[in-house]
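Let's take a walk through this protein model together. Keep the picture open while you read, and look back at it as we go.

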Amino acid sequence: DEVEYIERHSTQLEAFRTANEMLPIDARVLLVGEPRVFGIDRDVIVEDGFRTPLLVTLAESSDSAELISERLQELGVSHLLLNRAEGDRLAGARGREQYLECSTRKSQDLLAEFIDRQTRPLFEGGWWEIRSLEVTED
């Protein structure tokens with residue numbers, strides 16, 4: 001039936017159900033490597049999977065991990081939902097090794113530092129992860 005088909009072919013639903021159950025109703029989620037929105041009941045920022053990801057753009061135009069965080073907070077982002085499986089698929093379609101691939105080692109290191117130090121893991125599945133953005137005080 002239709003519901004069974006959707007369940008089987010919409011791999012984002014497990015992560016979205018977790019977000020719907022566990023994140024605050026006013027959360028704003030940046031979907032990273034996930035262009036689909038069917039099933040999530042939170043405000044989202046959706047990336048075009050065939051353009052440069054927002055986190056890569058921010059890493060390449062920032063001098064610090066804190067500045068990446070501040071820029072995301074200016075957009076109202078409170079959480080990240082990373083879909084590694086879909087991100088890998090999108091990267092392959094673009095001829096890249098990874099979805100969050102920066103053009104320089106410095107930017108790649110800055111992006112890794114941002115994820116490590118400016119976000120906190122909340123929930124994880126086999127292929128997805130939800131992280132909260134650490135709020136910086138003015």
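Of the 138 residues in the chain, 43% are buried. Keep in mind that what you're looking at is a predicted model.

Start at the N terminus and the elements run α-α-β-β-α-α-β-α-α-β-β. The radius of gyration of the chain is 15 Å, close to the 14 Å that the globule rule gives for 138 residues, so the chain is as compact as a globular protein of that length.

Now for the contacts. Take those in the chain with a separation of 6 or more: 61% of them are between residues 24 or more positions apart.

Next, the empty space. Rolling a probe the size of a water molecule over the atoms shows where such space is left. The largest pocket holds about 290 Å³ of it. Which elements give two or more residues to the lining of this pocket? They are β3 (79–83), α5 (84–93) and α6 (105–118), and α6 gives the most, with four residues. The lining has 15 residues in total, and L82, R84, Q98, Y99 and L100 are the ones nearest the centre of the pocket. By type, the lining divides into seven nonpolar, five polar and three charged residues.

Technical notes
Residues are numbered from 1 along each chain as its sequence is written. This is a predicted model: local features need pLDDT of at least 70, side-chain atom pairs count only at pLDDT 80 or more; totals for chains, interfaces and linings use all residues. Side-chain values use heavy atoms; hydrogens and water are left out. On a 1 Å grid over the protein atoms alone, a cavity is a set of points where a 1.4 Å probe fits but cannot get out, and a pocket is an open set with protein on both sides within 12 Å along at least five of seven lines; lining residues have an atom within 4 Å of a point. Grid points are joined across faces, edges and corners, and a volume is the space filled by probe spheres set on the points. Ala, Val, Leu, Ile, Met, Phe, Trp, Tyr, Cys and Pro count as nonpolar, Asp, Glu, Lys and Arg as charged, and the others, Gly among them, as polar. The radius of gyration is taken over C-alpha atoms; the globule rule is 2.2 Å times the number of residues to the power 0.38. Buried means under 20% relative accessible area, exposed over 50%, partly exposed in between (1.4 Å probe, protein chains only). Contact means heavy atoms within 4.5 Å.
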